[in-house]
Amino acid sequence: MTGFDLSGLGPGAIVLVGYSRTLLEPLAERVPAGGVLVIEDPVVAANREVAKATDADPLVGRLMLTEYQELPNIDALVAAEPALRAARAVLPGSEYAVEPAARLAALLGLPGAGPEAAAVFRNKARQRRTAAAAGLRNPRFAVVSSAAEAAAFVDEVGVRCVVKPTARQASLGVRFVNPHTGEAAAAFEHASAVDEAKLVPASGIRSEVIVEEAISGPEYSVEMLVRQGRRCFANVTAKQLVPGEHPVELGHTVPGARTGEDYTSLIESTTRLFTAAGFDTGVLHCEWIVSEQCPVLVECAARVPGDEIATLISLAFDRSFVLAYLTLMLGADPQLPVEPPYGATVRFLTTAPGTVTEVAGAEEAATLPGVQRVRITAQPGDRIGPIRSSWDRVGYLVLRSADAAQARQDADRAANAIVVTTAS
């Protein structure tokens with residue numbers, strides 16, 4: 001893959017709000033040592049051993065600790081830390097860092113989403129209202145404050161619905177429910193009580209609960225780079241979900257679509273959404289369901305996509321998506337081709353609930369055609385629960401092939417070679 005010349009960046013030129021290996025790994029051979037300054041919440045840093053990780057990473061010149069979820073602390077940090085004035089780009093390293101990163105970029109006069117747009121893309125209810133104002137299609141929805149309100153809405157809609165938090169990530173707390181069954185009340189309690197012990201600061205993550213009519217149809221995400229309100233790169237990713245009551249991703253494929261009405265409508269709908277939100281500069285990961293030839297908004301994030309989607313875009317387009325994003329945040333147009341010469345896919349691995357007794361086939365899978373990476377996260381002795389969020393999967397494979405269809409076929413073969421055995 002060809003890259004970008006970032007050798008002239010000085011110490012602390014890149015500020016990463018929220019530690020992320022996903023963002024740092026593609027920069028390892030391009031950014032000078034010490035070029036990254038990491039800002040992390042002290043509780044999260046302790047839980048994730050961030051200081052140990054940054055000390056071992058030559059890219060990171062400094063780790064600053066502050067409770068950045070409390071946005072006024074960003075203002076105080078800028079006043080107290082002159083070193084931040086050397087920054088040339090500010091990046092959010094996680095979903096929970098989107099608003100603080102936008103605020104910091106604005107205070108430093110650097111490219112960013114803009115504080116108001118960042119607030120929209122951190123709250124699923126605000127996204128719904130913004131989409132409606134832009135004339136985009138939403139499902140019927142309501143923000144609810146009790147189990148009784150959730151149940152009443154689902155029963156009134158009279159069809160399957162989705163209950164989820166308004167400000168969490170990784171499909172946490174998301175559940176399908178049916179009317180007149182009592183499921184909605186339990187789902188409300190589940191969505192209200194989700195926890196990510198290692199990723200949540202002492203002050204917590206403020207979130208409400210939203211209930212939405214469930215929409216059926218093929219699911220996609222749009223990854224878009226935007227500079228000063230102008231779209232400068234777009235990709236469509238096809239999504240595959242685990243069957244069941246929790247809509248957890250089982251796989252993604254790039255390109256998901258490159259031509260036709262679906263592709264055009266997905267790109268145009270995402271553009272209308274970010275324009276209505278007043279989004280200025282950055283990356284978007286916007287999820288849609290196509291129903292009756294019309295995209296229906298699921299939700300949209302203003303940060304680099306997870307689930308290895310950034311890796312898939314890099315493999316399919318033969319350019320580093322993260323480096324293109326960094327180039328954008330440094331004030332230049334990214335250098336990515338319009339058409340991807342390859343197809344790429346990620347396949348997540350699941351297994352039956354229980355205690356892992358054996359993991360087999362990973363080495364064989366790694367030798368199969370197209371396989372770029374195999375990662376097994378479950379080890380013998382681990383206790384595996386039902387699939388309720390992305391954290392419950394047991395591993396994944398990343399593949400690149402001649403096109404999307406071949407990548408899916410190769411993924412099927414490689415996934416079948418891996419067996420994670422559990423016992424109750």
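Modeller: Strand E3 (residues 60-65) is joined to E2 by five bridges, and the two strands run parallel. The model is predicted, and in it local features need pLDDT of at least 70 and side-chain atom pairs count only at pLDDT 80 or more, while totals for chains, interfaces and linings use all residues. Residues are numbered from 1 along each chain as its sequence is written, and side-chain values use heavy atoms, with hydrogens and water left out.

Biologist: Why is E2 called largely enclosed?

Modeller: Buried means under 20% relative accessible area, exposed over 50% and partly exposed in between, with a 1.4 Å probe and protein chains only. Five of the five residues of E2 (residues 36-40) are buried, so the strand is largely enclosed by the rest of the structure. Val36, Val38 and Glu40 point one way and Leu37 and Ile39 the other, and all of them are buried.

Biologist: What is the order of the strands in the four-stranded open sheet, and how do you know which strands are at its edges?

Modeller: The order is E3-E2-E1-E4, with parallel pairing. E3 and E4 each pair on one side only, and this makes them the edge strands. Neighbouring strands are turned by 20° against each other on average, with direction ignored. Helix H12 packs on this sheet, touching E1 and E4, and its direction makes about 135° with that of E4.

Biologist: What makes a group of residues a nonpolar core, and how many residues does the largest one have?

Modeller: A nonpolar core is a set of buried Ala, Val, Leu, Ile, Met, Phe, Trp, Tyr and Cys residues joined through side-chain atoms within 4.5 Å. The largest one here has 44 residues, and among those with the most contacts inside it are Ile14, Leu225 and Phe321. Elements that give two or more residues to this core include E1, E2, helix H11 (309-317) and H12 (321-329), and the largest share, eight residues, comes from H12. Leaving aside neighbours within four places in sequence, Phe321 is in contact (heavy atoms within 4.5 Å) with residues including Leu225, Phe233, Val283 and Leu336. A second, separate core of 31 residues includes Ala131, Val236, Tyr263 and Ala302.

Biologist: Why are helices H8 and H9 called oblique to each other?

Modeller: Axes are lines fitted to C-alpha atoms, for helices over the stretch in contact, and angles between N-to-C directions run from 0 to 180 degrees. Angles under 35 degrees count as roughly parallel, over 145 as roughly antiparallel, 65 to 115 as roughly perpendicular and the rest as oblique. H8 (residues 147-157) and H9 (residues 183-192) pack at about 135°, with their axes 8 Å apart, and are therefore oblique to each other. Residues making the contact include Ala150 and Val154 of H8 and Ala184 and Phe188 of H9.

Biologist: What is the angle between H7 and H10, and what is the pair called?

Modeller: The axes of H7 (residues 124-133) and H10 (residues 260-277) come within 9 Å and cross at roughly 105°, which makes H7 roughly perpendicular to H10. Gln127, Thr130 and Ala131 of H7 make the contact with Leu273, Ala276 and Ala277 of H10.

Biologist: How do you know whether Leu315 is buried or exposed?

Modeller: Leu315, which lies in helix H11, has 8% relative accessibility and therefore counts as buried.

Biologist: In the eight-stranded open sheet, what is the pairing, and what makes a strand an edge strand?

Modeller: The order is E13-E12-E9-E10-E11-E14-E18-E16, and the pairing is antiparallel. E13 (294-301) and E16 (371-376) have a single partner strand each, so one side of each is left without a neighbour in the sheet. The twist averages 20° from one strand to the next.

Terms used:
Pairing = 2+ DSSP bridges.
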